[in-house]
Amino acid sequence: MTNQTNSRDVWVFIEQEEGIIADVSLELLAKAQELAETLGSQVCGLLCGYQLGDLAETVIHNGADRVLWADHPELKMYRTLPYARVATELLQERQPYIFLVGATAMGRDLAPRVASATRAGLTADCTDLQIGDYTSKKDKQDYKDLLYQIRPAFGGNIIATIINPTMHPQMATVREGVMRREEPDLTRQGTVEKIKPTFDESDLVLEILSRETRESEVNLKDSPIIVSGGGGVGSEANFELVRELAHVLGGEVGASRAAVDAGYISREHQVGQTGTTVRPRLYIAAGISGAVQHRAGMDESAKIIAINTDPNAPIFEIAHYKIIGDLSEVIPMMIRALREKAK
Amino acid sequence: MSSARTYNSIVLVKQVPDTKNITGDVMKDDGTVNRSALPAVFNPEDLNALEMALQVKEQYGGQVTVMTMGPPQAAEVLRESLYRGADQVILISDRKFAGADTLATSYTLTRAVEKLGDYDFIFCGRQAIDGDTAQVGPQTAEKLGIPQITYAETLVNLEGDEIVVERALPLGKELVKCSLPCLLTVVTTANQPRPASARKRIQYKLAATPLEYQSLLKKWPEFETQETLDAYLEARDMKLPLWSAADLDADEDKLGLGGSPTKVYKVNFVVLETTESKEVPADQEGIAALLEELIQEYIVG
């Protein structure tokens, strides 16, 4: 939207539903603190909702120096247009340097709408964010302290660093679990500024008739043991073996994108760049070849066991234990061995 | 069923590299993609978007227009759309569009949609498999100044200028009511896209845009010149419309690489950091020993 901004502030969209802040927003606040420290600037949380009690304080405890709190009945439940109106107007007025949004269903609906309205560059699903310099090859112009927006691309075969030299804010979305969350600091102080937005009729053309949400039954991020199946599992029946092993180990069931696309399991279980990033104590990859898109989401696991019939599968390169064999034979052996030990 | 209202749909589709089959030489030095080095497919969720548009047409009447922005060979997804029942297709292609990021792409598509005009619905796939950004749909809706319904799964009701749509959220459903015109991004669970009709496949087999004439002449040398081929296709209504930057009356500063705020600064091929690994024999004994080791190290148990 602008070629020069004076502010170097880092803004984070604080996603909340019914007064509960999404984990990804808390993770982004931690990352934003790190970026703001490098830039010598401040972290600002953008909170939208209605009657949110002392939620703004929680935002400060988790890393914000300031909270812009738009409070309005029309913001009670998330809808694209009213939220986009608030974010767009505040970004245009205050001109922050960076604006980070969680790559959730909500964030992926909101961020592009806002980026289009502000004519800002937006990079989806970043796996890392850093501050760095850039010299334009064309006109030899130097740009100091840009946001490096780092993400895998093309099925994860490459890692691209994207920059947005001139049209700010520099916007990026990040998946849940990619950034590490910090413990809240209950003594942390900050300022809260309440905003009273106004809407016109065109912002309110969409009405929510009903919304049914369920609690996620999957908790990949916090599970110390994950057993994941990939496309190599081959069938829904074989995927039952993956579930059974996870059950016997007291772990969670994960999956690669191929397994999700094949319909063996729901998308909530997906580990990887476009799924959840995990760092368990033990990660068992069964029938997963190990595309970068998947590895990006699990390669920080403390111990990795890979089971694959293909001795050249890339997953073996990062595995601590490799088992070359058919998972429909290997997994039952593992289950048997565990049951014997439990006796 | 009192209203005689019909609904016109525009479907925005993309030809994407089949990211499952990537080879080493797909990236160009400027960090953009050498698409010709990859097999190209119809973006899967765009087929769901097309299917939803075709179902609206079948139930209420109206026109389905499919547009794609891409290189000359992207005409293939337009033919695929015709085989499935699209009434009209348009290729938006120009060297000036090259290197566009999602913002520049949405600007270009917006100009094309505005040029066509007269639409009630715009359908897009939720996201394209080459970038997974899911950005172009919402960005296009914003530029057109119309509402968006992302993750659309079911068109529950359509009456007058009002639709009720069920959205598939990762952990639930949301039912929304919205006025038309409106842009919907459609998820894979929305429907089962119909296959190409054999009859239409024969009917539109020859359909081509002028950008393909040169390669077609190699296949059909009997036409001898592009003019004779053009006249032949034109007479049979097989000449597919091609819109260039000039046709769109576009602000050139907003097109292609130059109109894209995001730049690829660098690209790294992924180097596997090899971990020292232990091979475990795939037999009962080997596996029992492995698990024993993990239990000893308090990793399991």
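Ten strands, 10 in one open sheet, run in the order S13(A)-S9(B)-S8(B)-S7(B)-S10(B)-S6(B)-S1(B)-S4(B)-S5(B)-S11(B), with mixed pairing. Strands here are DSSP runs (E, at least two residues) and helices likewise (H or I, at least four), numbered from the N terminus; two strands pair if DSSP finds at least two bridges between them. The edges are S13 (207–213) of chain A and S11 (242–243) of chain B, each pairing on one side only. This is a predicted model, in which local features need pLDDT of at least 70 and side-chain atom pairs count only at pLDDT 80 or more, while totals for chains, interfaces and linings use all residues. Residues are numbered from 1 along each chain as its sequence is written, and chains are lettered from A and ligands numbered from 1 in the order in which they are written.

Now look inside the sheet. S1 (residues 9–13) and S6 (residues 121–125) of chain B run parallel, joined by 4 bridges, and B:Ser9 stands opposite B:Phe121. Helix H2 (residues 75–84) of chain B packs on the sheet, touching S1, S4 (64–69) and S5 (88–92) of chain B, and its direction makes about 170° with that of S5(B) (axes are lines fitted to C-alpha atoms, for helices over the stretch in contact, with angles from 0 to 180 degrees between N-to-C directions).

B:Phe123, in turn, belongs to the largest nonpolar core, which has 141 residues; B:Phe123 is among those with the most contacts inside it, as are A:Val12 and A:Ala87. A core is a set of buried Ala, Val, Leu, Ile, Met, Phe, Trp, Tyr and Cys residues joined through C-beta atoms within 7 Å. Buried means that 20 or more other C-beta atoms lie within 10 Å of a residue's own, exposed 12 or fewer, and partly exposed in between, with C-beta atoms placed from the backbone.

A:Ala87 is also one of the buried residues of H3(A), a helix that is mostly covered, with 11 of its 15 residues buried. Those buried residues pack against parts of chain A, including helix H4 (105–118), together with strand S7 (148–159) of chain B.

Over in H5(A), the buried residues include A:Phe239, A:Leu245 and A:Leu249. Seen down the axis, the buried residues of H5(A) fall within an arc of 140° (taken from the directions from the helix axis to the C-beta atoms), so they line one face of the helix. On the other side, A:Glu236 and A:Ala237 are exposed. After H5(A) comes A:Gly250, with a positive phi near 70°.

Technical notes: Contact = placed C-beta atoms within 7 Å.
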